[in-house]
Amino acid sequence: MRKPSRLDLLQGTLDLLILRTLQSADAMHGWAISERIRQVSENVLQANQGSLYPALHRLEHQGWIKAEWGISELGRRARFYRLTAPGRKQLQQEADDWTRVAGAIGKVLELA
Amino acid sequence: MTLSDLFLRLRALMFRARVEEELEDEVEFHLAMAHRKHLEAGHSEEDAARLARLDFGRVGSVKEDCRGVRGIDIFETALQDIRYALRSFWRNPGFVLTVAGTIALGLGLNLALFTLFNAYVLRPISIRDPYSLYGFTWTDRQGAGHAFSWAEYKQFEKDNLAFSEVAAVQYIYTRVDGHAFQGQLVTGNYFQMLGVTSELGRPLLPEDASAPGREAVLVLSYQAWQSTFGGRADIIGMKLMVRGFPMEVVGVARKGFQDISEVPRDFWAPVTMADRLQDGSDLFGVEHPERLEIVGRLRRGQSVSGAKAILTAWSQRITAQLPEDHKAAGILLRSKATSIPLTPELLIVFSPLVIAFTLVLVLACTNVASMMLARAVARQREIGIRLSLGALRRRLIRQLLTESILLSIPAAILGFIISRVTIDASIRVMFATVPKDMLELIHDVPRPVDWRVIAFMVFATLASALLFGLAPAFQATRANVISSVRGEVTSDLRPVRARNALVIAQVTVCTLLLVACGVLVRTTMAMSAFDIGFRTNNVIAMEVAANSRRQVLDALASDPEVDTIAAASAIPLNGAVRTMTIRADDGPAISTAYNEVSPEYFGILGIPILRGRNFTKQESASETPVAILSAGAAQSLFAGRDAVGQIFHLSGKPARDVRVIGVAADIVTCCIPWGKDPALIYLPTTSATSAAVLVHVRGEVEAVRHRLDTRLAELAPGAIGDIHSLDQYRAAGMYAFRAASMIGAALGGLALFLTLTGIYGVLSYFVTQRTKEIGIRVALGATTRTVVGLVLTQSLRLTAIGIGLGVGLALGVSRLIASNLVFMRGFDVAPFAAGVLLVAFSALAAGYVPSRRAARIDPIQTIRYD
């Protein structure tokens, strides 16, 4: 078994963020997703924009999002992603998990 | 793996360029958007581009990560491995050719064997739904099948059991224009049941067989139409004489259909004609002769085990009233989907052949494995460096295996060609060596290269690639990183040990094959020389139809070249034996072979009457209840007493008491491999009533046979069935063994050749590897003799171990075979001695060249080498 690295942890979080972002829109391209995450998190989550793409492709392989080519708002060809039904379910579950863990961590921190 | 994942991976694999382009576009788009944003924020063109890239991270590694998600890197590395391997092959074509050639030899032979096996045993017969077709018979307590009478068949048809359709068939043999014609008498629904249409005219129809005696029509096979009648278009309506009875050709069956029996048939005729075409009791008469086979289609949804239960119950019910001996003990339900059904018995009979062929392939693989090992050791340095640079061992093994599989591709192609050539050549050899009279009975069956043959080829190729590639791959990558980089490959002796093991294995297999082949040849020789108890020279035997018998006998009697005429109900050595049960007054019942003969029979064949006397003419004519026993029969019936004058009971139809008037010497009735009959009785008959006539002739027997055949055919068309010299019968009976000896000799020779090259390779390598050591020895005063001795000792040591193992195995195998064949009883030292000497001598010869090379090593040069 591989040891869970820092990257894995980040990936998990990134997946959740992507899914959540796509939930509130119909279809978005990579740039828009990256901008949206940055805006909503008020510039906190801004790390490497590039790492977004392997994550997007992985989610696509898992069948949680679907990609198709379309024309962007500026008339350029772009790859748009949208959430699929299994993706919605996955988001629900991951969000629940996250909240639970975050809550637990919060409680531990309060105690300490 | 989800469905979308699979889909995306496949897409990535098949449209690699396009997927790659899309990734490029996507990243490009992102960068363009980021660039625009930074421009709008007031940065300069140059800064905007730089910032966009900075935010994005390393484009190359992002793309690499994206590719990783696709998960097709395994193919990409495979592609790398293939390119790498091809480059190294290109530099060393001799190696590739040797490997491919060696493997192809073994592969080709096995593929040839499988192609034949497929043609007879696996390939379904070309009829509608072959897999629902079954042959049915009930069996007695000995497990022997039973032929059905017409009444039994009718009952079976009426009771309408597990089958949706049933038909009855009977084999019939005749000669048309001097050609052997094998046919099938069938019920009228036969062609409909099989779904066989006609090429020309019409198939047989139910109306043709509506009542006994109807219709005098027949359907030819396409093959017979082509070969015997040259495919002439006016064949329909022609009259052919079938056993002396004119039959009208109404059709030619569709191409590719040659009946569902083991041997292809030339024609089909209505079973209702049986009485006209056959001597003896009427199939539809009161005697209810049992001659029919039943075939049928299992009902849709009917399981085989269920059908067996139903049919067993039926057979037992039908035979309940019969005497104990005639009651059904079990049933046989045999698939008719292929020419020869795939049964455990068949596999047992076939297994020695399969094992011998497989061993040759294994031998070829060991040779190549040994070569691969030598190559891997030579590449130890390269492999060591790669390992020390962090290459995974798994990855290196995969690369070496890729090479093996690549090497096996030309081997497979070459092997395929060899298999075709081998099949053609062996069929040609068979036609050239088979006894002449057997030729016309041999039909070539189609031997297509279908998916089964291809699948076997792929499987055998991959298996041999693994066999010759796996061990060297593991061995080579086990190298000690540090020493191999330094070039100290000889410090690891394990590859040498592995190669020695391979040589021992080769010698073992080779010895086993050679000894087995020797045993086979010796057996065949013993059989050829075996005293069968009677003279075969200048005797011609023929089967004569009852309606023309008088005419034929008169013609024979007046023939100037015919000396003596004898009659018999069965021709000796024709491969069949008829048995009956007899019992002495106070003794147990014994099963014995029997023959009904005229008094001349003993003279014509030179069978001595040991005690008592021959039949008289009167006894023959009146079929008096007297008998002559063979010495074996006399011994088992009346042990220790004089058999002549004794009475025994014969439980045939009719049952009667028979008096013994003489005792004759033992002979072989059925087949030479079975040896002399343990018991045989002769009953009197005359040439007027018996089916076979034997004549002793003057002059060259084959010429006389041909002349008689032609003359009798003119006199009474179709009246003569088989007509052969007894020498031909004898040769035909021996042919299987002669063929097996030829195959054995070919395999043995090949095995010897492979072993020879194997030993040569290993010893050459041994000498190269120990050049330094030998050089030092020579420098210290070792003579040529000691050096040659060093190498030869090495060779002989391995050979001795191999021979020991091989002889042990061969002993076991020959004991196993001996239990089934009369002629292999007892230990025959000759084939063992010959096999061992041959292998030992070859090993010495193979070792000689490398040993001379070792002797020529110049000590100065080798010591200076480092």
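Reader: Before anything else, what puts two residues in contact here?
Author: Two residues are in contact if their C-beta atoms, placed from the backbone, lie within 7 Å. The model itself is predicted.

Reader: Fine. How many residues of chain B are in contact with chain A?
Author: On chain B there are 19, in contact with 19 residues of chain A.

Reader: Which helices of chain B supply at least two residues each to that side?
Author: They are α1 (3-14), α2, α3 and α4 (59-70) of chain B. The largest share, 6 residues, comes from α2(B).

Reader: And by class, what is on the side of chain B that touches chain A?
Author: That side has 9 nonpolar, 4 polar and 6 charged residues.

Reader: Back to α2(B). How many residues, and what reach?
Author: Helix α2 of chain B covers residues 16-40, which is 25 residues. From first C-alpha to last the helix reaches 37 Å, close to the 36 Å expected at 1.5 Å a residue.

Reader: Which of its residues are buried?
Author: The buried residues of α2(B) are E26(B), H30(B), M33(B), A34(B) and H38(B).

Reader: What covers them?
Author: The cover includes α2 (30-40), α3 (52-61) and β3 (77-83) of chain A, and also α3 (45-56) of chain B.

Reader: What about the phi of G42(B), which follows the helix?
Author: The phi of G42(B) is positive, near 100 degrees.

Reader: Now α3(A) and α4(B). At what angle do they pack?
Author: The angle is about 10 degrees, and the axes of α3(A) and α4(B) are 8 Å apart. Angles under 35 degrees count as roughly parallel, so α3(A) is roughly parallel to α4(B).

Reader: Which residues make the contact?
Author: From α3(A) they are Y53(A), P54(A), H57(A), R58(A) and H61(A). From α4(B) they are V62(B), D65(B), C66(B) and V69(B). The residues of this contact divide into 5 nonpolar, 2 polar and 2 charged.

Reader: Change of topic: chain B as a whole. How many helices and strands?
Author: Chain B has 28 helices and 21 strands.

Reader: Is chain B spread out or compact, going by its radius of gyration?
Author: Its radius of gyration is 37 Å, well over the 29 Å that the globule rule gives for 866 residues, so chain B is more spread out than a compact globule. Along the principal axes, the C-alpha trace of chain B spans about 125 × 85 × 55 Å.

Reader: What percentage of chain B is buried?
Author: Buried residues make up 39% of the 866 residues.

Definitions and conventions: Residues are numbered from 1 along each chain as its sequence is written. Chains are lettered from A and ligands numbered from 1 in the order in which they are written. This is a predicted model: local features need pLDDT of at least 70, side-chain atom pairs count only at pLDDT 80 or more; totals for chains, interfaces and linings use all residues. Helices (H or I, at least four residues) and strands (E, at least two) are DSSP runs, numbered from the N terminus. The expected span of a helix is 1.5 Å times one less than its number of residues. A residue is buried if 20 or more other C-beta atoms lie within 10 Å of its own, exposed if 12 or fewer, and partly exposed in between; C-beta atoms are placed from the backbone. The radius of gyration is taken over C-alpha atoms; the globule rule is 2.2 Å times the number of residues to the power 0.38. Ala, Val, Leu, Ile, Met, Phe, Trp, Tyr, Cys and Pro count as nonpolar, Asp, Glu, Lys and Arg as charged, and the others, Gly among them, as polar. Axes are lines fitted to C-alpha atoms, for helices over the stretch in contact, and angles run from 0 to 180 degrees between N-to-C directions. Angles under 35 degrees count as roughly parallel, over 145 as roughly antiparallel, 65 to 115 as roughly perpendicular and the rest as oblique.
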